[in-house]
Amino acid sequence: MSEEDTRYDASHIQVLQGWEAVRKRPGMYVGSTSERGLRQMVFEAADRAVNEVLAGRASSVDITLTPDGGVCVADDGPGVPIDETEGADGPGLEALLTQMQAGVGTGGRHDVTIGFCGVGPAVVNALSRRMTAEARREGVLWVQEYARGVAATPLTKVGTATGSGTTIAFWPDADIFGATEFSFDGLEERFRELAFLNQGLDISLTDLCSPDEPRSVRLRFPGGTRDFVNYLDGHTAASAPMDTIAFEREDPRMAGVMDVAFRWCSCPDERVQSFANSRPTVSGTHTVGFHDGMADAVTAYAREHGLLTPMDPDIGADRISEGLTAVVSVKLDRPEFEGATRGVLGNSEVRDCVGQAVQDHLGRWLKEDPERAAAVIDPIVQGARRD
């Protein structure tokens with residue numbers, strides 16, 4: 001190779017700035033240019049509206065897939081501030097939609113990040129051929145349009161507004177995504193999770209892409225994680241030997257709150273879903289603590305009632321998990337995750353906190369009704385002795 005071919009200096013470095021960088025490498029911001037990336041676009045656009053509801057400033061979020069390939073996200077909150085004047089309760093509308101990460105949450109226990117990227121609506125704007133925004137605030141309707149991340153019209157006062165709130169609609173850029181069809185089922189699954197994990201949420205999801213077959217669901221679950229366990233069990237719920245045990249506990253040692261629900265049924269499979277700050281996790285200290293607490297409570301009860309001899313080993317978590325359906329959710333002020341995918345919770349103190357809480361609640365439930373306890377404990381003990 002010649003010296004010219006191998007020479008490398010500053011002239012070979014390409015610096016991308018602003019929305020040019022987002023549009024050049026969209027996968028870095030929404031994970032993919034496939035349908036999965038389109039879902040992240042919806043999540044990022046809806047993030048602010050969902051947090052408005054959780055903060056008590058709005059009562060509901062409405063998400064609509066429109067016949068022309070767009071997505072409309074509306075809430076009935078106070079409306080996004082128009083400018084960034086002193087005392088405003090958030091970034092101005094144009095800043096929110098054109099500046100990277102303006103308005104993105106802190107990630108604490110009271111802030112929900114719907115998607116896995118947390119990049120904010122400005123990235124959605126950059127990856128959309130068109131975006132429109134309406135802010136109904138203090139009796140005035142404000143409107144602005146954008147194209148590929150840049151304001152196409154000035155923020156305009158167009159008249160009076162009935163009520164308050166914010167409506168953001170966007171149309172993904174086909175030059176980036178190719179196919180721009182959204183999966184209703186994929187969106188429903190994630191929004192359903194959020195509604196189970198956050199009892200105050202009220203989300204409506206509507207698909208008008210096929211006018212002859214419109215679809216719509218309202219996702220609101222006052223029972224929280226208890227309702228989540230019932231949903232996971234589905235048709236097997238009728239065969240459950242016990243009611244669902246559900247509790248919520250704040251523990252200052254882990255600077256957060258846990259929300260746990262579980263029960264056994266007659267099916268052999270384990271269905272345990274875990275979450276940290278409303279994000280799905282594959283494992284972590286919260287799930288280890290949950291299984292520790294279950295095993296400790298069952299073992300203690302079995303020994304106290306003579307179901308295990310002094311020579312018998314403690315009952316393992318794997319034996320207790322058979323037929324178990326559970327949701328383990330923690331919300332922490334300072335969550336720590338292992339790896340870039342944020343799928344494994346690493347806060348060490350969470351294990352002991354969750355474990356002790358689960359042991360206390362299950363142990364108390366077992367003592368309250370010996371007949372009910374026997375329906376759960378006896379099969380576990382018999383299976384442990386066969387091992």
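The buried residues of α13 pack against β11 (256-264), α10 (285-304), α11 (317-320) and α12 (348-368); a contact here means heavy atoms within 4.5 Å. Those buried residues are A373, V376, I377, I380, V381 and G383, where buried means under 20% relative accessible area with a 1.4 Å probe, protein chains only. An α-helix has 3.6 residues a turn, so residues three or four places apart point the same way.

This is a predicted model, in which local features need pLDDT of at least 70, side-chain atom pairs count only at pLDDT 80 or more, and totals for chains, interfaces and linings use all residues. Residues are numbered from 1 along each chain as its sequence is written, and side-chain values use heavy atoms, with hydrogens and water left out.

Helix α13 covers residues 370-386 and reaches 23 Å from its first C-alpha to its last, close to the 24 Å expected at 1.5 Å a residue. At V376, shortly before the proline P379, α13 has a kink of about 30°. At its N-terminal end, D369 caps α13, with a side-chain oxygen 3.2 Å from the backbone nitrogen of E371.

Now for the chain as a whole:

| Property of the protein chain | Value |
|---|---|
| Helices | 13 helices |
| Strands | 17 strands |
| Residues counted as buried | 50% of 387 residues |
| Accessible surface | about 18,200 Å² |

Helices (H or I, at least four residues) and strands (E, at least two) are DSSP runs, numbered from the N terminus.

Conventions. Areas by Shrake-Rupley, 256 points an atom, 1.4 Å probe, with all protein chains shown as cover. Expected span 1.5 Å × (residues − 1). Bend = angle between axes of the 7 residues up to and from the residue. Polar contact = N/O pair within 3.5 Å; in protein donor to acceptor, adjacent residues only side chain to side chain.
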